[in-house]
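Here is a short briefing on a structure.

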Protein chains: 2
Amino acid sequence: MTSLDFSTVGKKQKREDFKYNWKDAALYAVGIGASAKELPFVYEGISGGMKVFPSFATIAAGSALVYPGNIDFSRFLHGEMSIKVYQPFPNGATIRRETEISNIYDKGKGALIVTTSSGYLENGNKLYDAIYGFFYLGEGGFGGEPGPKSIIVAPPEGTAPDFSVTYQTTENQAVLYRLNGDTNPLHIDPEFARKGGQAKPILHGLCTYGFATRAVVYEACNGDVSLFKEFTARFTNVVYPGENLTIDGWKTGDRYIVQVRTDRVVMLGSALVNIA
Amino acid sequence: MTSLDFSTVGKKQKREDFKYNWKDAALYAVGIGASAKELPFVYEGISGGMKVFPSFATIAAGSALVYPGNIDFSRFLHGEMSIKVYQPFPNGATIRRETEISNIYDKGKGALIVTTSSGYLENGNKLYDAIYGFFYLGEGGFGGEPGPKSIIVAPPEGTAPDFSVTYQTTENQAVLYRLNGDTNPLHIDPEFARKGGQAKPILHGLCTYGFATRAVVYEACNGDVSLFKEFTARFTNVVYPGENLTIDGWKTGDRYIVQVRTDRVVMLGSALVNIA
């Protein structure tokens with residue numbers, strides 16, 4: 001007996017506006033590890049204007065999600081995250097938002113719920129699509145389509161990456177990151193984390209995603225956020241605050257295969273950047 | 001020819017309300033070095049209720065300051081900071097604020113301007129006094145009173161402190177701290193800092209003051225903010241983000257002499273706590 005409401009699929013729902021200013025963008029940048037040496041992303045007075053990491057889309061979209069019926073969140077996993085950015089984020093704006101359940105796929109052991117949350121500037125220009133892949137355990141087997149093949153592929157074996165950078169997360173990374181909006185106690189409360197089956201609080205998957213985006217911006221776009229187009233990633237393992245994240249990128253055609261690892265692979269993704 | 005307006009002295013001025021929530025208090029806590037291990041100050045869901053460091057008074061008061069006339073801020077130094085806390089800060093409130101220039105003293109080489117900004121809860125209960133000592137270079141010699149002797153005294157020579165704790169500031173400390181409201185470029189912009197005569201951006205004096213307050217809360221109040229009453233401190237040298245702060249306290253009567261040092265003494269203060 002599934003609790004999924006398939007009638008929600010394809011229906012765009014307007015959500016409340018998301019207003020932010022440069023402090024929100026700077027707090028996000030610090031939350032994904034930006035340092036005092038990355039002034040364009042943390043200093044509103046920087047010559048040329050402050051920039052915003054494209055993965056800020058996940059913050060703008062995070063409070064605009066909708067679900068296909070009443071969800072048992074203990075079986076509802078955020079498996080994939082994808083963003084498409086149509087123009088760089090200004091360092092402050094009011095974003096009009098709408099969200100839809102784009103598809104519900106049947107993966108056998110579970111349902112894959114694809115939710116798309118889009119943001120528009122007040123002049124109507126599209127800013128981003130944030131596409132969430134939620135895996136709902138135990139809700140498959142309803143006779144639906146399995147959905148398209150993922151664009152995410154494993155890195156080429158035995159080939160050195162075209163870029164490799166290691167970022168240190170701090171013991172406080174999740175404490176800081178959650179001030180951006182995702183205040184799930186799993187990321188700060190040791191007791192809550194234990195009850196959830198974790199040895200200790202874990203880093204937000206979207207924080208790791210932000211670190212990876214930051215790496216793509218610097219290593220594949222030379223710091224120019226206007227060259228950043230898309231980034232799709234799958235979460236494969238947990239990260240604990242304080243662990244180092246090594247982010248490797250392999251250029252394959254117009255995309256980068258992006259892998260994030262601690263002492264294990266924690267994320268695998270595919271980034272599209274606008275470089276000839 | 002002084003630009004000081006002595007007629008401002010003693011006139012209470014109502015200032016706009018200061019609204020804050022637990023995220024503001026947590027951001028402040030992280031800004032003064034609180035870690036994921038200090039859950040009562042960073043986690044809104046903590047059993048017993050979230051606490052707020054008493055030096056949050058400097059954030060609440062910081063946007064409520066008034067000045068005695070048009071000030072040349074290049075000669076206007078924040079020399080001393082004092083807070084009196086009448087009850088612990090809730091983890092969210094709307095604070096009614098009023099500020100006055102309490103006194104203008106004649107210190108010869110400059111004027112000492114004492115400004116008192118007070119905060120009240122909506123039920124009328126007083127929350128704090130934040131008392132600023134500004135030294136206005138070149139504005140002394142007007143025939144005024146020199147003012148009372150400071151309660152700040154040097155630590156006893158050759159006597160081990162009753163407590164000593166070392167906190168590490170991070171390279172990002174000022175980048176983070178400024179998100180609480182004091183966005184002076186001196187604390188983030190290398191070029192601006194150089195023009196201001198500093199080798200590089202310096203940490204906010206009130207950030208150091210916050211670290212010292214945090215030390216007093218843990219070391220002299222056993223983490224119980226309700227025992228914290230007053231803290232008066234004088235800034236004696238600059239701190240750079242990333243430096244370690246060693247905070248020593250000597251109990252003398254009902255007060256602690258509090259000294260903060262890097263490889264030099266950067267702050268000297270006197271704290272009153274409610275311990276028998």
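Lys200(A) sits over the face of Tyr240(A), 5.1 Å from the ring centre. A charge counts as over a ring if NZ of Lys or CZ of Arg is within 6 Å of the ring centre and within 35 degrees of the ring normal. In chain B, Lys200(B) lies over the face of Tyr240(B), also at 5.1 Å from the ring centre.

This is a predicted model: local features need pLDDT of at least 70, side-chain atom pairs count only at pLDDT 80 or more, and totals for chains, interfaces and linings use all residues. Residues are numbered from 1 along each chain as its sequence is written, chains are lettered from A and ligands numbered from 1 in the order written, and side-chain values use heavy atoms, without hydrogens and water.

**Aromatic pairs**
- Over all chains, the structure holds 44 aromatic pairs (Phe, Tyr or six-membered Trp rings with centres within 6.5 Å; planes under 30 degrees apart are stacked, over 60 edge-to-face, the rest tilted).
- Phe76(A) and Phe134(A) are stacked, 4.8 Å centre to centre with 25 degrees between the planes.
- Phe76(A) is buried at 9% relative accessibility, and Phe134(A) is buried at 5% (buried is under 20% relative accessible area, exposed over 50%, partly exposed in between; 1.4 Å probe, protein chains only).
- Ring pairs join Phe18(A), Tyr20(A), Tyr28(A), Phe56(A), Phe89(A), Tyr128(A) and Tyr177(A) into a cluster.

**Two copies**
- A rotation of 180 degrees, with 0.0 Å of shift along its axis, superposes chain A on chain B at RMSD 0.0 Å (least squares on C-alpha atoms of residues with pLDDT of at least 70 in both).
- The two copies are therefore related as by a two-fold rotation axis.
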